[in-house]
Amino acid sequence: MIIEKAEKILERYPLCNHCLGRAFGLLGKGDNYIRGKSIRLVLNMEREIRGEDPLLEPQECELCNGIFKKVEDLARLCYNKVSKLGLEFDTFLVGSRIPREILEKENEIIESFELKYAEPINRELNREIGKILEVILQKSVNKNNPDVVFIVDPYNETVELQVKPLYIYGRYRKLVRGIPQTPLKGFKESVASIICKPFSKAAKGKSIFHGAGREDVDVRMLGNGRPFVIEVKKPVKRRINLQEIAKEINKSGKVEVLDLSFINREEAEKILTSNHKKEYEALVYVEERVSEKEVEKVVKALKDTIIHQRTPKRVLGRRADIVRVRKVHEITGNLIDEKHFKLRLITDGGLYIKELISGDDGRTSPSVTEILGKKAWCEKLDVLNILDGE
C-alpha cells in the first residue's frame, strides 16, 4: 500500500528522500530521509523486476527545492547570531517561515494522495536544525518554555530571535516623599526609573516596572515594602547578580529593594493580581481643633466598618466613576496636639485613605469629616505594610 502510493506520488512529483519520507512521517519511528530512501529502494527493486526505469532522487526536489541540503548552513546562521550578541540562554527551540507556495503544494500532495500520516515540512526542518544546534551550542531543546526561539527564514537565509523575558520579584520601600511610582511629567525620577536602570544595565535589555498597587507622590512606602515585578524584555544576559543590583538601587537613599528573586510569568501574574490588605499611618489635621474624646469617637466609628467610596474627584480622569465597597479592619488613634491626631489603620486594598479622612465632599461615607462634623484633612500619609492577600 505504501509502496504503491509512493510510486504514484513520485511519478507526478519528483521528491527528495526527505519529502518522500515525510509523506509517511508519522508511521513508525526514525529519520524521514532514511524512511524515504528505504521506500525508494524497495520501490525501484519492484520496478526493476517489472523492467521499468527507477525513480531516482532528483537533483532539485519539486517540493522543498533542496532546502534540506542547507540544514547545516542554517544551523550555523543561528549559532552565529547568538554568538555575535553574546546571548545567554540554556534552552532553545527552532521555528521557521516557509513560503506560502511551498505549503500550498505540500497540502496539494497530501490531499491528492490522502496522506493521513504526513509530517509538515516546517516540523522536520525545525527538528533537523535543532539537532545540529544542540551539538554546536551544547544547549537543549525545550518545546514548552524555551529561553530563546530561533525563527529561521530558510529561503532568504535569515534568522530572527524571540528571547523569553526575565521576571524578577521584589518589594520596595520609598523612603522619601515627592517621588512618583512611575515616570510623571514634572518629576526627574521615579521609583520605577531608580529600580529599572540597574536591571537594564545588567541584563542588557529593556526593563519594565510592574507594581502591585501604587501610592501617591507625597506618600512614603515603608515597612515590609510594596511587591513589584521587573520584566526585562529581550535580555542578552540572564545570569545577573540580584544582590549587586539591590546594592546599587539602595545607594540612592530614596528607594530600597528587598527579597529580589527570579520568578516565572505565571508567578508574576499572580503577584500583580493578588489583593492585599494595607497598614497605614495618617497624620490628620482638623482646623477647628479636636479633642481626645473626638479621636476615640473616630476610632470607634470606623473600626470593622464598611466604607462606601465613590471614585475620588482627584483621580476621576484616569479611573472609572464607580462606588467601591471596602472595609476598615483595625484602627487606633492618638492625639498629637489640639489640631492634629494620628490614625493607624488596616484596611482592604483599594481604599483611598485621604478621602476616608476628608470625605471628598460626601463621596466617601462614613469619613472622619462626617464623624467629627468638622473638616479634616490628611496632612501626611505613610503605607507601613502590605499584608497577606485576603
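Q: What percentage of the contacts in the protein with a separation of 6 or more is accounted for by residues 24 or more positions apart?

A: A contact here means heavy atoms within 4.5 Å. In this protein, residues 24 or more positions apart make up 74% of the contacts with a separation of 6 or more. Before we go on, keep in mind that this is a predicted model, where local features need pLDDT of at least 70 and side-chain atom pairs count only at pLDDT 80 or more, while totals for chains, interfaces and linings use all residues. Residues are numbered from 1 along each chain as its sequence is written, and side-chain values use heavy atoms, with hydrogens and water left out.

Q: How many helices and strands are there in the protein?

A: Helices (H or I, at least four residues) and strands (E, at least two) are DSSP runs, numbered from the N terminus. By that count the protein has 12 helices and 14 strands.

Q: Why is the protein said to be more spread out than a compact globule?

A: You compare the radius of gyration, taken over C-alpha atoms, with a globule rule of 2.2 Å times the number of residues to the power 0.38. Here the radius of gyration is 33 Å, well over the 21 Å that the rule gives for 390 residues, so the protein is more spread out than a compact globule. Along its principal axes, the C-alpha trace spans about 115 × 40 × 30 Å.

Q: What share of the residues of the protein counts as buried?

A: The scale is relative accessible area: buried is under 20%, exposed is over 50%, and partly exposed is in between (1.4 Å probe, protein chains only). Of the 390 residues, 47% count as buried.

Q: Which residues of α1 are buried, and what covers them?

A: The buried residues of α1 are Ile-3, Lys-5, Ala-6, Glu-7, Ile-9 and Leu-10. Their cover includes α2 (17-22), α3 and α5 (100-112).

Q: At what angle do the axes of α1 and α3 cross?

A: Axes are lines fitted to C-alpha atoms, for helices over the stretch in contact, and angles run from 0 to 180 degrees between N-to-C directions. Under 35 degrees is roughly parallel, over 145 roughly antiparallel, 65 to 115 roughly perpendicular, and the rest oblique. The axes of α1 (residues 2-12) and α3 come within 10 Å and cross at roughly 90°, which makes α1 roughly perpendicular to α3. On the α1 side you'll find Ile-2, Ile-3, Ala-6, Glu-7, Leu-10 and Glu-11, which meet Ile-39, Arg-40, Val-42, Leu-43, Glu-46 and Arg-47 of α3. For classes, Ala, Val, Leu, Ile, Met, Phe, Trp, Tyr, Cys and Pro count as nonpolar, Asp, Glu, Lys and Arg as charged, and the others, Gly among them, as polar. This contact has 7 nonpolar, no polar and 5 charged residues.

Q: And how do the axes of α4 and α6 cross?

A: The axes of α4 (residues 71-85) and α6 (residues 121-137) come within 9 Å and cross at roughly 55°, so α4 and α6 are oblique to each other. Residues in the contact include Val-71, Leu-74 and Tyr-79 of α4, and Leu-125, Ile-129 and Leu-133 of α6. By class there are 12 nonpolar, no polar and 3 charged residues.

Q: Where does Asn-65 lie, and what is its phi?

A: Asn-65 is in the loop between α3 (32-49) and α4. It has a positive phi of about 60° although it is not a glycine. Lys-204, in the loop between α7 (191-203) and β6 (206-211), also isn't a glycine and has a positive phi, near 55°. Asn-65 is partly exposed at 39% relative accessibility, while Lys-204 is exposed at 52%.

Q: Which residues does a cis peptide bond join?

A: The bond joins Ser-365 and Pro-366, with omega at about -5°. Pro-366 sits in the loop between β13 (364-365) and α12 (368-372). Glu-370 of α12 is in contact with Thr-364 and Ser-365, leaving aside neighbours within four places in sequence.
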